[in-house]
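Dear colleague,

My notes on its helix packing and its nonpolar cores follow.

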Amino acid sequence: SQFPKEKKKFEKYNLWVRPIIRPSSYYLTWLFLRLGISANNISYFSLIIGTIGCMLLAFNTYKGMIIGALLINFYDLLDSVDGNMARCTNTCSKYGALLDNVVDTTMSVLLFSCAGIGVFNHSEQWINLSSVFILTNIDKSVFLFLGCWSSLGYIFPRLLGCMFQKLFSENRFIGREDVLGAPSSFFNVLAVNFYNITGLVLPMLLLAVIFRLLGLFVILFALINTSAFIVSVLLLIRKARRI
């Protein structure tokens, strides 16, 4: 079947998926098709790879954290492969769509939470320098809270979107375009790249780990995900009043 029009419109403005992930995914898709592996099995595999990556990010050495960040980025690649395979084999199903959403949501929760744990378990020079300038030690347990808060801030808008659809859609699917506006809008371009974990979030994670700036990554996305949550609530309330 054809590539979904809504997905195609939003990927057009994704600065990571469109030029890097999607073209690369076609090579792996060809390989897995030749091996006879199903799209759903790729989804299971991507969850395993992503979970291992998050555990390495949270609890391993510096080199292990880099490997973990690489595995998490490989999960992102596999996330595109399973959809390609389902469309190529004409095996798209509601179960496959549910499985894909379960994997994405699970990875969203693990990613930010494990990033916070990783900062807590490892020393970063910029944190020590910051302590000198503000004349007090930074309690690294703050990063545990920020990581968990980022995860909640990421999944809450999705939960609200599902509730909105159930209450107001009248059996019509409410997509991102209905709530947020045209995919080319400035807000949506930012959301696609810096809020959606399949955007620039994962390559930024890898760079943050390599340069020992994971703490800054956690702080940045705590702010981004909190802002996204607030904006989503306001937009959905405005949309509900107009229906």
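In these notes, angles under 35 degrees count as roughly parallel, over 145 as roughly antiparallel, 65 to 115 as roughly perpendicular and the rest as oblique. The model is predicted, so local features need pLDDT of at least 70 and side-chain atom pairs count only at pLDDT 80 or more, while totals for chains, interfaces and linings use all residues. Residues are numbered from 1 along each chain as its sequence is written, and side-chain values use heavy atoms, without hydrogens and water.

Helix H2 (residues 17-35) packs against helix H4 (residues 62-88) at an angle of about 60°, the axes being 8 Å apart. H2 and H4 are therefore oblique to each other. Their contact (heavy atoms within 4.5 Å) involves, among others, Ile 21, Leu 28 and Phe 32 of H2 and Leu 78, Val 81 and Met 85 of H4. By class, this contact of H2 with H4 comprises 11 nonpolar, five polar and three charged residues.

A nonpolar core is a set of buried Ala, Val, Leu, Ile, Met, Phe, Trp, Tyr and Cys residues joined through side-chain atoms within 4.5 Å, where buried means under 20% relative accessible area (1.4 Å probe, protein chains only). The largest such core has 33 residues, of which Leu 205, Leu 214 and Phe 217 touch the most other members. Helix H5 (94-121) is one of the elements that give two or more residues to this core, and H5 gives the most, with eight. Apart from this core lies another, of 12 residues, including Ile 21, Leu 78, Val 81 and Met 85.

With kind regards

Methods: Axes are lines fitted to C-alpha atoms, for helices over the stretch in contact, and angles run from 0 to 180 degrees between N-to-C directions. Helices (H or I, at least four residues) and strands (E, at least two) are DSSP runs, numbered from the N terminus. Ala, Val, Leu, Ile, Met, Phe, Trp, Tyr, Cys and Pro count as nonpolar, Asp, Glu, Lys and Arg as charged, and the others, Gly among them, as polar. Buried means under 20% relative accessible area, exposed over 50%, partly exposed in between (1.4 Å probe, protein chains only).
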